[in-house]
Amino acid sequence: TLRAAAMVLHVHVLSAFTGQLVFGPADFEPPVRGSHIRARVQANISKAFKLVHNSSVLGSQDVLQVDGQDEEAFVNIVFLPSFGVVTWGAVECGGDSSEVAESLVGGVSSIVGNGRAFAALKEA
């Protein structure tokens, strides 16, 4: 008996800024999740990044959607700046962050606070 060949999706990851090929083409068997692409790209690129497809960020559980019988998909990669956090303040008011200093070195996406405290939000 003849078996139908499994469809393979050729994924090209392009720089969102320059449009140049950053990674790929890499072959994946559908369904292709954002986590599959991310894992392959992370093996080759050490910078923080987001994957964007059709103007939307491609999350880890999102499935890469392609039209009809397309065999190629183009995904943009946006490199993210890595920010560290500098803290200061009176020790008695929580100004000593030495116990969490290592966690504040990179991957911080934003900082929120009120009149007495701050929290660093990190990318998952």
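The lining of the largest pocket divides into twelve nonpolar, seven polar and two charged residues. Here Ala, Val, Leu, Ile, Met, Phe, Trp, Tyr, Cys and Pro count as nonpolar, Asp, Glu, Lys and Arg as charged, and the others, Gly among them, as polar. This is a predicted model, where local features need pLDDT of at least 70, side-chain atom pairs count only at pLDDT 80 or more, and totals for chains, interfaces and linings use all residues. Residues are numbered from 1 along each chain as its sequence is written, and side-chain values use heavy atoms, without hydrogens and water.

The largest pocket holds about 540 Å³ of space. Of its 21 lining residues, T87, W88, G94, A117 and F118 are the closest to its centre. A pocket is an open set of points on a 1 Å grid over the protein atoms alone, where a 1.4 Å probe fits, with protein on both sides within 12 Å along at least five of seven lines; lining residues have an atom within 4 Å of a point. Strand β7 (residues 118-122) gives the largest share of the lining, three residues. Strands are DSSP runs (E, at least two residues), numbered from the N terminus.

Now the sheet. Five strands form an open sheet in the order β2-β1-β5-β3-β4, with mixed pairing. Strands β2 (21-28) and β4 (56-57) stand at the edges with a single partner each, so one side of each has no neighbour in the sheet. Two strands pair if DSSP finds at least two bridges between them. Strand β1 (residues 9-15) runs antiparallel to β2, joined by five bridges. V13 stands opposite F23 in β2.

Technical notes: Points joined across faces, edges and corners; volume = space filled by probe spheres on them. Helix = DSSP H or I, 4+ residues; strand = E, 2+ residues; numbered from the N terminus.
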